[in-house]
Amino acid sequence: MAKPPSPPKMTAGASPRMPAGAMPRPGGSPKAPAPNSGASAAQIELAPRVPSGIPGFDELCEGGLEKGSSTLCLGEPGSGKTTFMSQFLVNGALEHGEGGVFLSFEESKESIVRHSLSFGWDFQQLEKEGAVSVITYKPHEVRRLAEEGGGLIWDTINETGAQRIAIDSLSAYVVLFETAYAAREAQRNLFELVHKWNCTTLLSGEAGDSEGRNSSGMDYLADAVVLLHHPRQRNVRFRALEILKMRGTNHSQKICPFEFISGEGMRVYPGEDIFEEFKTREGF
Ligand SMILES: Nc1ncnc2c1ncn2[C@@H]1O[C@H](COP(=O)(O)OP(=O)(O)O)[C@@H](O)[C@H]1O
Ligand SMILES: [Mg+2]
């Protein structure tokens, strides 16, 4: 079977405060006030950042996700949503002492545990240590979550002191709601709950249209939107990632290649371009 070409090794080491393809903040140096605004350096200081745990990603967004923000990860099946969110939780627990909650409407706990092992992440062990809690809801139980207002999750956050949450996925969450209106309301209510929990949260969803956005419009409720692309070029698929929006952040506008590495996880290449041929074909 033909092996897709690996993205070239990262060469450009962009500064965390200068994302690839991004403009400098007004005033250039952090000490200089922004021209014409009268704003002091303190006033243009960034909100606290949370490292994503994805090598290369934080260079695209001034050092990471905004603490306490909500980020939608959108992409087709197999584009890497679950992996992105798992890596965020595992890295938070192991490298930054930030507990996490993995809330899944899609996969069973057994499936999550088994598949994560191929990247070297042991959710069973992390659960034993109280570092990450995995909570799964079957489709028919989703209504209960909506009715109880997320009581179990709130209790888990309080008991464990979790600061990171991954919700996988919005699409599976709304599958049992009869009308588009009910589904939209349910998603809206979930976002309200998420903001009350006050954790840094990732939510996954299916890409809804040719632009890769969620057709149900939830991208307007999220603080940030990350698109995971997986387009085909002849007989090979490529992987690339872009930050469509991130409130309050001078983020990169670039579509960057990434790859999955066994025993490691995802790695983004901010200094590399997606392949010329692929750009032409996909209209990027
Ligand atoms: N150990 C691994 N090494 C390399 N790639 C992997 C490994 N495990 C899974 N993958 C890739 O990741 C894909 C699954 O990504 P996933 O995060 O589950 O996507 P999504 O949640 O968007 O459906 C698989 O289809 C496979 O291509
Ligand atoms: Mg998934």
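Guide: This is a predicted model. By class, the shell around ligand 1 consists of 3 nonpolar, 8 polar and 1 charged residues. The residues that surround ligand 1 are G75, P77, G78, S79, G80, K81, T82, T83, S118, F119, F260 and S262. Helix α1, residues 81-96, gives the most to this shell, with 3 residues.

Of the 284 residues in the protein chain, 42% are buried. Among contacts with a separation of 6 or more, 67% are between residues 24 or more positions apart.

As for the backbone, most residues other than glycine have a negative phi, and most peptide bonds are trans.

The peptide bond that joins D168 and S169 is cis, with omega about 0°. S169 lies in the loop between β6 (164-168) and α6 (170-173).

E62 has a positive phi, near 55°, and is not a glycine. This residue sits in the loop between β1 (49-50) and β2 (65-66). E62 counts as buried because it has 24 C-beta neighbours inside 10 Å, and the cut-off for buried is 20 or more.

N198, also not a glycine, has a positive phi of about 60°. The loop that holds N198 runs between α7 (180-197) and β7 (200-205). N198 has 12 other C-beta atoms within 10 Å, so it is exposed; the cut-off for exposed is 12 or fewer.

Note on methods
Residues are numbered from 1 along each chain as its sequence is written. Chains are lettered from A and ligands numbered from 1 in the order in which they are written. This is a predicted model: local features need pLDDT of at least 70, side-chain atom pairs count only at pLDDT 80 or more; totals for chains, interfaces and linings use all residues. A residue is near a molecule or strand if its C-beta atom, placed from the backbone, lies within 6 Å of it. Helices (H or I, at least four residues) and strands (E, at least two) are DSSP runs, numbered from the N terminus. Ala, Val, Leu, Ile, Met, Phe, Trp, Tyr, Cys and Pro count as nonpolar, Asp, Glu, Lys and Arg as charged, and the others, Gly among them, as polar. Two residues are in contact if their C-beta atoms, placed from the backbone, lie within 7 Å.
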